[in-house]
Amino acid sequence: MFLIYSFCRQVDDIADSDGPRPERLAALQQWREDIDALYQGHPPARVVDYAATVKKFDLKREDFLAVIDGMEMDVPQDIRAPDLATLDLYLRPRRERGRAVVGAGFRAAVR
């Protein structure tokens, strides 16, 4: 249990860190490669202790990779708010059809 928790904690820490996105993605990719090596019978040092646990509990490679994939979704893209012209493209059609517009108050406030 401790090894599995440690694995989950480490990949979660990578996803939640403040580091640059490319570095975090590379660190998660390294975990994928380490897990692959573990299941191919030549684990790197940081996962060598996992071999006995994987065998004892018949843990599947796919389960480890699913955790990594899930954490990768937590590594956000470089998200930025659209400029007002772009925002207006999303809001205008709804307003013209007479429907309530989510964000209209925001748009009015920033002008």
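Predicted model: local features only at pLDDT ≥ 70, side-chain atom pairs only at ≥ 80, totals over all residues.
## Confidence first

Across the chain, pLDDT averages 83, and 76% of the residues score at least 70.

## Overall layout

Read from the N terminus, the elements simply go α-α-α-α-α-α.

The chain has 111 residues, and 24% of them count as buried. Its accessible surface comes to about 7,900 Å², with 57% of that belonging to carbon and sulfur atoms. As for contacts between residues at least 6 apart in sequence, 52% join residues at least 24 apart.

## The nonpolar core

The largest nonpolar core is made up of 16 residues, and F7, V11, W31, I35, Y50 and I68 have the most contacts inside it. Four helices each put in at least two residues: helix 1 (2–16), helix 2 (21–39), helix 3 (50–57) and helix 4 (61–72).

W31 is a handy place to start looking around. Setting aside neighbours within four places in sequence, W31 is in contact with F7, Q10, V11, I14, R46, V47, Y50 and I68.

## A buried arginine

R32 belongs to helix 2. This arginine counts as buried because its relative accessible area is 13%, and the cut-off for buried is under 20%. Leaving out residues up to four places away in sequence, R32 touches L65, I68, D69 and E72. I68 turns up in the contact lists of both W31 and R32.

How values were computed: Residues numbered from 1 in each chain as written. Heavy atoms only, no water. Core = buried A, V, L, I, M, F, W, Y, C linked by side-chain atoms within 4.5 Å. Buried < 20%, exposed > 50% of the residue type's maximum accessible area, 1.4 Å probe, protein only. Contact = heavy atoms within 4.5 Å. pLDDT = per-residue confidence, 0-100. Areas by Shrake-Rupley, 256 points an atom, 1.4 Å probe, with all protein chains shown as cover.
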